[in-house]
Amino acid sequence: MIRFRQTTTGLEFEYRADFNNNNWVWEELTTSGSCNVSSVFYFDRADLTNPPAGTDRVPDDYDYHFAFGTFEDEYVRIPGRILGIDNDVLLPITTKFKRSLFAAERNISIFGRLAYLVDHKNPIVIGGTRKDVIPFSVFEELLDKFPNSYEVDRYAEARVHTVLSAHLEGMMDARGRYEDYLNKKMKDGTSRLDLEFLKKQEVEKYILIPDLIKDALDTKADLSEGEWQSLMMSFLLLLFPKYIKVLENVTINDYYTDPDRKTSRYIDIALVDANGNLDVIEVKKPFEDKILRKSEYRGNSIPTSELSGSIMQAEKYLFHPSKWGVKGEKTLSARHAGELPKGMSIRISNPKAIIIVGRDQIGGTDMTGGQLLDFEVIKRKYANMMDIITYDDLLRRLNNTIAALTSDTKAAPPKP
């Protein structure tokens, strides 16, 4: 039995062991000076505010009272030591304290997982009016999204990263760790690969991605284009699995705009595949009305200036590296050697571009069949050098991939 009780100075943790085995807590406190209660709480003997006196065995109905947190402005400050982490935790005084705030299924420490992913030892602040806090609604979303399947250890980290990446700095690449986990599963199967297990992991991976994108489309509209690009970069390698590395701010040489001098151009995001081939990706914000103009030209829908500009920009990003040739390959390989696998060189061999831009909507409504046809004609015009994808098209591709995988694994199809 666990209860939290407010005192005049803070919060107390009350505990009575189940199954009439109440003496073990006092035995551990007296022999080792500390004890672990309910898997996720850690107390020292000094934390006990009502130590039993004059008894060899603590009665089975004895309630242990531990100092748990102290009031600090509008918060209760919980020492990180009590949660087994280096970061203190601040929760609003108005919080309804219960064990489920601290422990997920299979006794996973929620703050233990969170602290493992943040790259600092500052307090973790939930809710309230302080700066740089995790909103309480976001924390509740985090609690709801803790999975209960067998891959929980890695998948949970990916979920935490997804929910909190917009609110905390210094987050580890949890999604990359999830991919490493899947790869390790394959390597460890030395006698026989569990192909059904791997297929199910693949399905889980692809189910995660559209959830992230739909959430971002619904809630991240106020981000700048740079912030949106940073958000999308966290799962580009999952969206396009042929690539193994994302490079940022790639400098290329332009010898044509001004023939008298070299000009430096900057590609925001480039992708490198397993053979070292360099491609370019343009990630635009998901605004409506960025694909086709509302007005037609002789009965035909024509691209907006935003789309035309993105295509022209991508064409130049492909043109200049191609003209740079072998010298450019050597320069870029040396410049990004620390980001590439050992021994890999960048190759510029007929590079391609991917443009992710806009929604399948014009004037607040979905495109008509005729407009979609005109858009398809535009895309096919450039198909030999670039792939133009809307965010809605991206979600459709992902859902079709999930449907194909779930039919193979006989799993239930994802929710629409």
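Visitor: Let's start with charges: how many salt bridges does the structure hold?

Guide: The predicted model holds 21 salt bridges.

Visitor: Which residue does glutamate 12 form a salt bridge with?

Guide: Its partner is arginine 5, and the closest N and O atoms of the two are 2.7 Å apart.

Visitor: And is glutamate 12 buried or exposed?

Guide: Glutamate 12 counts as buried, with a relative accessibility of 11%, whereas arginine 5 is partly exposed, its relative accessible area being 37%.

Visitor: What about arginine 265, which side chain does that one meet?

Guide: Arginine 265 meets aspartate 254 in a salt bridge, at 3.0 Å from N to O.

Visitor: How accessible is aspartate 254?

Guide: Aspartate 254 has a relative accessibility of 0% and therefore counts as buried, while arginine 265 is partly exposed, with a relative accessible area of 30%.

Visitor: Where do arginine 380 and glutamate 376 lie?

Guide: Both lie in helix 11 (residues 369-381), 4 residues apart, which is about one turn of the helix, and their side chains meet in a salt bridge at 3.2 Å, N to O. Arginine 380 is exposed, with a relative accessible area of 63%, and glutamate 376 is partly exposed at 30%.

Visitor: Which residues are linked with them in a network of salt bridges?

Guide: The network links Arg380 and Glu376 with Asp360, Lys379, Asp387, Asp393, Arg396 and Arg397.

Visitor: Changing topic, which residues of helix 1 are buried?

Guide: In helix 1 (residues 24-31), the buried residues are Val25, Trp26 and Leu29. They are on the same side of helix 1, because the arc that they cover around the axis is only 95°.

Visitor: Which glycine follows helix 1?

Guide: Helix 1 is followed by glycine 33, which has a positive phi, near 85°.

Visitor: What lines the largest cavity?

Guide: Its lining is made of Leu278, Val280, Tyr317, Pro321, Ile348 and Pro351, which divide into 6 nonpolar residues, no polar and no charged. Strand 13 (278-283) and helix 10 (305-335) each supply at least two residues of that lining.

Visitor: Last one, where is threonine 304 found?

Guide: Threonine 304 is found in the loop between strand 13 and helix 10, and at 9% relative accessibility this residue counts as buried.

Visitor: Leaving aside its neighbours within four places in sequence, what is threonine 304 in contact with?

Guide: With those neighbours left aside, threonine 304 is in contact with Asp289, Lys290, Ile291, Leu292 and Arg293. Taking lysine 290 as one of these, threonine 304 and lysine 290 are 14 residues apart in sequence, yet 6.0 Å apart in space from C-alpha to C-alpha.

Conventions. Residues are numbered from 1 along each chain as its sequence is written. This is a predicted model: local features need pLDDT of at least 70, side-chain atom pairs count only at pLDDT 80 or more; totals for chains, interfaces and linings use all residues. Side-chain values use heavy atoms; hydrogens and water are left out. A salt bridge is a side-chain nitrogen of Lys or Arg within 4 Å of a carboxyl oxygen of Asp or Glu. Buried means under 20% relative accessible area, exposed over 50%, partly exposed in between (1.4 Å probe, protein chains only). The arc is that of the directions from the helix axis to the C-beta atoms. On a 1 Å grid over the protein atoms alone, a cavity is a set of points where a 1.4 Å probe fits but cannot get out, and a pocket is an open set with protein on both sides within 12 Å along at least five of seven lines; lining residues have an atom within 4 Å of a point. Ala, Val, Leu, Ile, Met, Phe, Trp, Tyr, Cys and Pro count as nonpolar, Asp, Glu, Lys and Arg as charged, and the others, Gly among them, as polar. Contact means heavy atoms within 4.5 Å.
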